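Subject: Handing over the structure

Hi,

Here is the structure I said I'd pass on. Have a look at it first, and then read on for what turned up.

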Amino acid sequence: MGNLKLKGKDILKLGYPNNQSVNVALEVMKRNFATKNIHHVKSILKEILLNPETFEKDLTFGQIAESLLSSRKTEKRMLNTQRASFQIFGTNISEEAKNQLYTALKLPVSTQGALMPDAHSGYGLPIGGVLAVENAVIPYGVGMDIGCRMSLSILDIPVSYLDGARDKYEKVLAEHTKFGMYETHKSHIDHEIFERDTFGMIPVLRRLKGKAIKQMGSSGGGNHFVEFGEVEITEEDDQIGLSKGKYLGILSHSGSRGLGAEIAQYYSRVAAEQCPLPKEAQQFAWLDLNTHLGLEYWTAMNLAGDYASACHDDIHRRLVKAVGGRVKARIENHHNFAWKEIHNGKEVIVHRKGATPAHKNELGMIPGSMTAKGFIVRGKGNPESLNSASHGAGRAHSRGECRSLFTQNDIKKELKLKKVTLMGGNTEEAPMAYKDIHDVMNAQSELVDILGTFQPRIVRMDK
């Protein structure tokens, strides 16, 4: 904890009440001012004690102010007997996924929910689950990979190069992309995100900054990928600005790496302590956005989302530099995130865990599998889906099932049939693990318009 010789009795002498506020003050000051002069630290604590309202929204001292202003006991929250309103899109959805949404809809903060046609069971909210709540954020409702996103760059290079110079494109993917926990780039760019004050204001972020710098421009394991493929624009759109036809594209899927995972773990644990719930709903513990911890998580979540976006920028920058050409259009979208939005005339927090934002005229990218086409879409702003759509085809088989159902040979046959080169990957991500993307797209015709497709040709995943 550093050299600060601060004790509980010192804080009591300042006039602090003999309750939890003393422990909170001790922890916050030792965490943030370990090397500071004790008289300076005491003067700050005295100032907070005299004017706690002034410090309520402060990212460093808000927790102390809050403990002084509130002596509420942590009481167990009960679920409502009735579910909030909801809509399910698609038919091929497991009962387990539905039941996970039904539990979330009984939270006292829930106002509306939806399940996308790619939905399957997850931890807390199902994957493909959308949930609107009042003035609160659910860390597990956002998920472990905060700000996971799709990013598509459409280049001015003839698409025929993917066949004519396939070796070159395979080599570029092998040399310029990094995957999993241990691969990182040798050189890093000075990205503006690392200059942000937020990294210094929240202790958990301060600790993670070094890891975030190291992992910049890399992709996760599991279903994350970077691929070259064939883009076909089938409907012209002013936002894309391209005429109908075929183009070479780069598509990436990844999130906020270790930074997002550790933010999620820390605040999920904190939320569970702050908001005890019945056993079946424990993973839906929320943080009130009027509290210091709620504000802290919201700030950290947004930083992780921006970091995920910056990682994709770096991935695409490296690949475009290696293959040449210029980016003619870029289409990207987050999932695993929470947004402040207006629904039914009221501001709510919308959690999309594995669901694509599909507000009216909003562009997005919905992938299929390593062999199936993905779709470039434009949102219709359907209020029943809380302006959302699927984030992919969705799993038909769990990762465990895939290990016993499919072999590497099965995957090779499918890749050969679809003329796709795969680097890395495993049976858990076999093309057969996923639902039919065409069925999924048909089930969400009320949610999005299709503007084009992306057919993977050279795919890189974690080994």
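Which residues gather in a patch of positive charge on the surface? Those are Lys-5, Lys-7, Lys-9 and Lys-13. (A patch takes residues with over 30% relative accessible area and no salt bridge; like charges are joined within 9 Å, nonpolar side chains (Val, Leu, Ile, Met, Phe, Trp, Tyr) within 5 Å. Lys and Arg count as positive, Asp and Glu as negative, with His and the chain ends not counted, and a charge is placed at NZ of Lys, CZ of Arg, CG of Asp or CD of Glu.) Lys-13 sits in helix α1, residues 8-13, and is exposed at 70% relative accessible area.

Before you go further: this is a predicted model, where local features need pLDDT of at least 70 and side-chain atom pairs count only at pLDDT 80 or more, while totals for chains, interfaces and linings use all residues. Residues are numbered from 1 along each chain as its sequence is written, and side-chain values use heavy atoms, with hydrogens and water left out.

A few terms: buried is under 20% relative accessible area, exposed over 50%, and partly exposed in between (1.4 Å probe, protein chains only). Helices (H or I, at least four residues) and strands (E, at least two) are DSSP runs numbered from the N terminus.

Now the salt bridges (a Lys or Arg side-chain nitrogen within 4 Å of an Asp or Glu carboxyl oxygen). There are 26 in the structure. Glu-262 pairs with Arg-207 at 3.2 Å, N to O. Arg-207 is exposed at 55%, and Lys-211 is partly exposed at 35%.

Arg-352 and Glu-341 form another, at 2.9 Å. Arg-352 is in strand β11 (residues 346-353) and Glu-341 in strand β10 (residues 337-343), so the pair ties together parts eleven residues apart in sequence. Both are buried: Arg-352 at 0% and Glu-341 at 8%. Shared partners also join Arg-395, Arg-399, Arg-403, Glu-428 and Glu-429 into one salt-bridge network.

Cheers

Notes:
Areas by Shrake-Rupley, 256 points an atom, 1.4 Å probe, with all protein chains shown as cover.
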